[in-house]
Amino acid sequence: MVFIEQQRLHLGAEADVWSGTWFGRPAVRKQRRPRSWRHPDLDHRLGTRRMTSEARLLIRLRRSGLPVPAVWDLDMEGGQMVLEHLPGTPLIDVLNDSSSTQSNVNQILHSVGATVRLLHREAMTHGDLSTNNMLIDGPKVYLIDFGLAAIDYEVERFGIDLHVLDEILGASHPQWEGAIDRVVQGYRAAEEQLGTTPTLRGGRVPSAEEVLRRLEEIRTRVRYHG
Ligand SMILES: Nc1ncnc2c1ncn2[C@@H]1O[C@H](COP(=O)(O)OP(=O)(O)OP(=O)(O)O)[C@@H](O)[C@H]1O
Ligand SMILES: [Mg+2]
């Protein structure tokens, strides 16, 4: 793998992420980390499967024109993947930045909602829509970290995607009141602009309204059952 590392961006439980270059281009290397509590063989199999799945889904989304990083190299045995280095600041940092303004944040959250709807229209759920997994570059929103993403046609997981973001915005960023409402507006606006989602090979993707109704149901469920 011809990745030249420069700086560690992130050391998480699952991945060690470095920025650097790949054939002279700004790149990111995501290296799966062994989980010591699992049997090494099982660990290797799970890690490899996750990474292959992440790469496969990213390639598919890129081909459809979604704002996700290009996959430049994949070393399954070594558990490494080289991605295009995307510009931008993680949404979590934008929301925690005391110099961010309400109108700018509103616009960003609207774009976040629209971008999530674009993803959902591809019959794909993200699985971990946290404010760490979105990069904000001016008006552009990039989605990253597809290790838990999946193709799906049942409304439930689409609703959960929005609910995860709802919970994080409420718990970690309460200073931006009504943040999820902006996201929901963007989610709905994207559908209005693009029209009914065409039926795909695997079936019919739930509409924006169906997903938003499910989000309401999930909220009620959580409120009553914890
Ligand atoms: N293509 C990219 N361009 C720019 N920055 C990136 C890119 N991919 C990842 N990063 C940065 O590295 C961080 C971690 O990457 P990622 O979210 O993919 O790992 P992770 O699966 O969450 O790791 P863990 O689960 O171990 O925490 C991101 O939050 C982001 O700041
Ligand atoms: Mg992440």
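Is E5 buried, partly exposed or exposed? E5 is partly exposed, with a relative accessible area of 42% (buried means under 20% relative accessible area, exposed over 50%, and partly exposed in between, with a 1.4 Å probe and protein chains only). The structure is a predicted model, in which local features need pLDDT of at least 70 and side-chain atom pairs count only at pLDDT 80 or more, while totals for chains, interfaces and linings use all residues. Residues are numbered from 1 along each chain as its sequence is written, chains are lettered from A and ligands numbered from 1 in the order in which they are written, and side-chain values use heavy atoms, leaving out hydrogens and water.

A salt bridge is a side-chain nitrogen of Lys or Arg within 4 Å of a carboxyl oxygen of Asp or Glu; the count comes to 17. One of them joins E5 to R29 at 2.8 Å, N to O. R29 lies in strand β3 and E5 in strand β1, so the pair ties together parts that are 24 residues apart in sequence (strands are DSSP runs of E, at least two residues, and helices runs of H or I, at least four, numbered from the N terminus). R29 is buried, at 14%.

The side chains of K30 and D145 also form a salt bridge, at 3.2 Å, N to O. K30 is in strand β3 and D145 in the loop between β9 and β10, 115 residues apart.

Strands β8 and β9 pair in the antiparallel sense over four bridges (two strands pair if DSSP finds at least two bridges between them). I136 stands opposite V141 in β9. The two strands form a hairpin with two residues between them.
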